[in-house]
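Me: I am new to this structure and would like to understand the words used to describe it. Could we go through them with care?

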Amino acid sequence: MRLLLSILFVVLGSCGVLGALPHTCSCIPGFLNAKLKLSAPKAFREFGIVPRFLPVPPKDKLNSAFMTANVELGNFIDPLRTVDTKYIAYPHGKSDVNYTLFLVGLYVNVPNSRNLLVGGDIAVPFIPPMPNIGTRIHRPAALLYEQNDHIDPDDMELMKLIKTRVIQLEPMVKKHNLKPEPVAGTFYTTELSLCGNIIH
Ligand SMILES: *[C@@H]1O[C@H](CO)[C@@H](O)[C@H](O)[C@H]1NC(C)=O
């Protein structure tokens, strides 16, 4: 019953608004196309992700885009643009291995393809990371590791992550026998702040 209700809600949701149309509406102007000329290892260091969160930077860059912005190793993307993810790809990927993809979510047994978000097993579903208001600049990252073995996506430890959503890289890499260093990665920066002069 609950499922039926939520499906109805989704179908009805796009029909209209209750009351007058709001004066401000959320709209996204055009496509944000950034070009930064940093290598992946350099960008991960310059933006302070290495060594604070990751001991060794990925050698290569992951290509990635949202529906209205591309991700270019640290470019600033308005949070509104980060709602719809389009793809993540690793052009230098091998076809005879599987990969594990860490992002705000976890994908395992991912064969190389033009979109790594499809084709593998989803261990923890991806939720686009919306920064909370006033929490400064966030650096959401995606990291790709090569697997040595098949990973059971129904493993209890992985199931627990769906609830906690706290993914600890190093223990995960060891436990699931991934190649120890990430082969590719990318990230962007984003921030949600209040408009105008709000007096508290
Ligand atoms: C990769 O994983 C898929 C399932 O997602 C499996 O069918 C395939 O055999 C795996 N390939 C390798 C090289 O382990």
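Reply: What follows takes up the terms in turn and sets each one against its definition.

This is a predicted model, in which local features need pLDDT of at least 70 and side-chain atom pairs count only at pLDDT 80 or more, while totals for chains, interfaces and linings use all residues. Residues are numbered from 1 along each chain as its sequence is written.

Me: How do you know how many helices and strands the protein has?

Reply: Helices (H or I, at least four residues) and strands (E, at least two) are DSSP runs, numbered from the N terminus, and by that reading the protein has four helices and nine strands. Along the sequence they follow the pattern α-α-β-β-β-β-β-β-β-β-α-α-β.

Me: What makes β1 and β7 edge strands?

Reply: Two strands pair if DSSP finds at least two bridges between them. An open sheet of six strands has the order β1-β9-β8-β5-β6-β7, with mixed pairing, and β1 (60-61) and β7 (121-124) are its edge strands because each pairs on one side only. Two bridges join β1 to β9 in parallel, with K61 standing opposite G185 in β9, and three bridges join β6 (residues 105-111) to β7, which run antiparallel. In the latter pair, the bridge partner of L106 is V124 in β7.

Me: Which strand pairs with β9 in the antiparallel sense, and over how many bridges?

Reply: Strand β8 (residues 141-146) pairs with β9 in this way over four bridges, and the bridge partner of A142 in β9 is T186. In general, strands of a sheet pair through backbone hydrogen bonds, either parallel or antiparallel.

Me: Why are both faces of strand β9 called covered?

Reply: A residue is buried if 20 or more other C-beta atoms lie within 10 Å of its own, exposed if 12 or fewer, and partly exposed in between, with C-beta atoms placed from the backbone. In β9 (residues 184-187), A184 and T186 on one side and G185 and F187 on the other are all buried, so both faces count as covered. Of the 200 residues of the protein, 25% count as buried.

Me: What is L161 in contact with, leaving aside its neighbours within four places in sequence?

Reply: Two residues are in contact if their C-beta atoms, placed from the backbone, lie within 7 Å, and by that test L161 is in contact with L106, A123, V124 and I167, apart from its neighbours within four places in sequence. Across the protein, among contacts between residues at least 6 apart in sequence, 68% join residues at least 24 apart.

Me: What is the order of the open sheet of three strands?

Reply: The order is β3-β2-β4, with antiparallel pairing, and the edge strands are β3 (69-71) and β4 (85-89), each of which pairs on one side only. Strand β2 (residues 63-66) pairs with β4 over four bridges, and A65 stands opposite Y87 in β4.

Me: Which residues are around the ligand?

Reply: They are D96, V97, N98, N109, P111, G120, D121 and H150, where a residue is near a molecule or strand if its C-beta atom, placed from the backbone, lies within 6 Å of it.
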